[in-house]
Amino acid sequence: MSCPHQQKTSNYREVEDSIHTDFNDDMSYGDYLCLEQVLSAQKPLSDQHDEMLFITIHQSSELWLKLAGHELSEAVKNIQEADFGHAFKVISRVKQIFNQLTQSWNILSTLTPVDYLKFRDSLGHSSGFQSHGYRKLEFLLGNKNAKLIEVHQADPIIYNELKTVLESPSLYDEVIKVLADKQLLENTDVLNRDFSKPYQQDHHVLQAWLSVYKNADEHFELYELAEKLIDIEDAFQQWRFKHMYTVQRIIGNKMGTGGSSGVSFLKKALDISFFPELFELRTHL
């Protein structure tokens, strides 16, 4: 006997009359997102089942990289305009994007070495090293290296975009300018350098940040901004590490398809810090 107070459940949901169903003359969800183009862009070159996984992971990652670059470009503009509130918002968003990218490696790691080798030759010399979205991110964060854009010479539009970002102040350069504007930076030589060159840790910048941290209440916006930058590097390095480890899991110490040494090349990136003084200062507090 059923309980008299037991509610009946149903697996059927009525479609509400107010829901739009006729899109002959109206923009649909698919139209707005250009889904016909997006969902038809997965074109495996082999007949191997797992190649679709490989393509989907990398295409979706490129979309996240594009968004991260969009957000970091806005953060640079925000810092230039002293709009710290909005800068904090977009930098926090970039951190979550990196977390999302890190999670994607967990999905790709379900690809076994044997299954990957079945279609790896189909990639030719294509490689993540050629990702201009990733390169733009690194340049925006301050990891500058002019040789890294040579691989994009075949595409003048992408090459010129990356060259512009390479030669422009990075997010960290703009933050250091704020330190100077606040009279916290005694020597501003670091701001008169060639911005296309890799940033080198600077003693005067370190001293400025030490002053901020030792007087956090007085310089709270800069203190908070510094911690937001640490959040970005933390999330970015976790993504780098997971990338390296996933590659090691799948191909071991084989050379990369783009000609790099593979895992050993990826490991070198883990030693690069975008904001070296922000880590060094912790030793001196």
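Let me begin with Gln 183, which sits in the loop between H8 and H9. Helices here are DSSP runs of H or I with at least four residues, strands are runs of E with at least two, and both are numbered from the N terminus. The phi angle of Gln 183 is near 60°, a positive value in a residue other than glycine. Gln 183 has a relative accessible area of 71%, so this residue is exposed. For that word the cut-offs are: buried under 20% relative accessible area, exposed over 50%, partly exposed in between, with a 1.4 Å probe and protein chains only.

Before going on, the housekeeping. This is a predicted model, where local features need pLDDT of at least 70 and side-chain atom pairs count only at pLDDT 80 or more, while totals for chains, interfaces and linings use all residues. Residues are numbered from 1 along each chain as its sequence is written, and side-chain values use heavy atoms, with hydrogens and water left out.

H8 covers residues 171–181, and nine of its 11 residues are buried. Among them are Leu 171, Tyr 172, Asp 173 and Glu 174. So what covers the buried residues of H8? The cover includes helix H3 (51–80), helix H4 (84–108), helix H6 (132–141), helix H9 (203–214), helix H10 (220–251) and helix H12 (276–284).

Is Ser 170 buried or exposed? Ser 170 is buried, at a relative accessible area of 4%. Leaving aside neighbours within four places in sequence, Ser 170 is in contact with Phe 139, Leu 140, Leu 141, Gly 142 and Lys 144. Contact means heavy atoms within 4.5 Å.

There is another positive phi to mention. Ala 82, in the loop between H3 and H4, also has phi near 60° and is a residue other than glycine. Ala 82 is partly exposed, at 49% relative accessibility.

Next, the loop between helix H2 (35–38) and H3, where Pro 44 is found. Pro 44 is partly exposed, with a relative accessible area of 33%. Beyond its neighbours within four places in sequence, Pro 44 is in contact with Glu 51, Met 52 and Ile 55.

For a residue inside a helix, take Thr 246 in H10. Thr 246 counts as buried at 3% relative accessibility. Not counting residues up to four places away in sequence, Thr 246 touches Trp 105, Leu 108 and Ser 109.

On to the aromatics. A pair of aromatic rings is described by the distance of the centres and the angle of the planes. Rings of Phe, Tyr and Trp (its six-membered ring) pair if their centres lie within 6.5 Å; planes under 30 degrees apart count as stacked, over 60 as edge-to-face and the rest as tilted. A search of the whole structure finds 16 aromatic pairs. In one of them, the rings of Tyr 213 and Tyr 223 have centres 4.9 Å apart and planes at 70°, so the pair is edge-to-face. Tyr 213 belongs to helix H9 and Tyr 223 to helix H10, 10 residues apart. Tyr 213 is buried at a relative accessible area of 12%, whereas Tyr 223 is partly exposed at 26%. Elsewhere, ring pairs link Phe 98, Tyr 134, Tyr 172, Tyr 199, Phe 236, Trp 239, Phe 274 and Phe 275 into a cluster.

Finally, the chain as a whole. The chain has 12 helices and zero strands. Its radius of gyration is 24 Å, well over the 19 Å that the globule rule gives for 285 residues, so the chain is more spread out than a compact globule. That radius is taken over C-alpha atoms, and the rule is 2.2 Å times the number of residues to the power 0.38. Along the principal axes, the C-alpha trace spans about 80 × 55 × 50 Å. Of the 285 residues, 39% count as buried. Among contacts between residues at least 6 apart in sequence, 70% join residues at least 24 apart.

That is the tour; I will take questions now.
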